[in-house]
Amino acid sequence: MNLLTATAGAGMGSTLIMMVLMIAIFYFMLIRPENKRKKEAEQMRSSVKKGDKITTIGGITGTVVDVKETRIVLETGADQVRVELEKWAISTNETAAENAKAEAKKAQEAKAKAKAAKKAEKNQ
């Protein structure tokens, strides 16, 4: 009878380890990346400023003409229609995305120049 109890206890420990392992995998594969995306979206929404070109979650595109604490005023198209929206309705900030791409390109070019200069120095 003791052998049966020992085997059942070992099976319970193994099950517990598997449950903890599954929870850890779910955390690192699903929960953590989702929280990171939410944090980045919140940071993007809070950094919107006058003159930025944005797109809302409803597909409205335009230029920000006024920024308030929880709302923005968006001007759409050549007809200059102004719409007041909540900040949470912002989907993307094209101006910030373009600036980030330009900075990444400059950094890549600077890195390539440094690498070329180092290679030229090594060849001399």
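**Close-up views of the predicted model**

**View 1. Lys-49 is partly exposed, with a relative accessible area of 48%.** The model shown here and in the views that follow is a predicted one. The side chain of Lys-49 meets that of Asp-52 in a salt bridge, with an N to O distance of 3.5 Å. Asp-52, by contrast, counts as buried, at 3% relative accessibility, since buried residues are those under 20%.

View 2. Glu-34 counts as partly exposed, at 33% relative accessibility.

**View 3. Leu-16 is an exposed residue of helix α1.** The helix spans residues 2–46. Leu-16 has a relative accessible area of 56%, and it counts as exposed because this value is over 50%. Between Leu-16 and Arg-45 there are 42 Å in space, C-alpha to C-alpha, and the two are 29 residues apart in sequence.

**View 4. Tyr-27 and Phe-28 make an edge-to-face aromatic pair.** The count of aromatic pairs comes to one. The ring centres of Tyr-27 and Phe-28 are 5.1 Å apart and the ring planes stand at 80°, so the pair is edge-to-face. Tyr-27 is partly exposed, with a relative accessible area of 39%.

**View 5. Glu-84 and Arg-71 are joined by a salt bridge.** The closest N and O atoms of the two residues are 3.5 Å apart. This pair links distant parts of the chain, with Glu-84 in strand β4 and Arg-71 in strand β3, 13 residues apart. Glu-84 is partly exposed at 42% relative accessibility, and Arg-71 is partly exposed at 36%. Both residues belong to a network of salt bridges that also links Lys-68 and Glu-86.

**View 6. Strand β3 pairs with β2 and with β4.** Strand β2 (residues 61–67) and β3 are antiparallel, with four bridges, and they form a hairpin with three residues between them. Asp-66 has Val-73 in β3 as its bridge partner. Strands β3 and β4 (residues 81–86) are also antiparallel, with six bridges; Ile-72 has Leu-85 in β4 as its bridge partner. Four residues lie between β3 and β4 in their hairpin, and Gly-77 in the turn has a positive phi of about 60°. Five of the six residues of β3 (residues 71–76) are buried, so the strand is largely enclosed by the rest of the structure.

Key: Residues numbered from 1 in each chain as written. Predicted model: local features only at pLDDT ≥ 70, side-chain atom pairs only at ≥ 80, totals over all residues. Heavy atoms only, no water. Helix = DSSP H or I, 4+ residues; strand = E, 2+ residues; numbered from the N terminus. Buried < 20%, exposed > 50% of the residue type's maximum accessible area, 1.4 Å probe, protein only. Phe/Tyr/Trp six-rings, centres within 6.5 Å; stacked < 30°, edge-to-face > 60°. Pairing = 2+ DSSP bridges. Salt bridge = Lys/Arg side-chain N within 4 Å of Asp/Glu carboxyl O.
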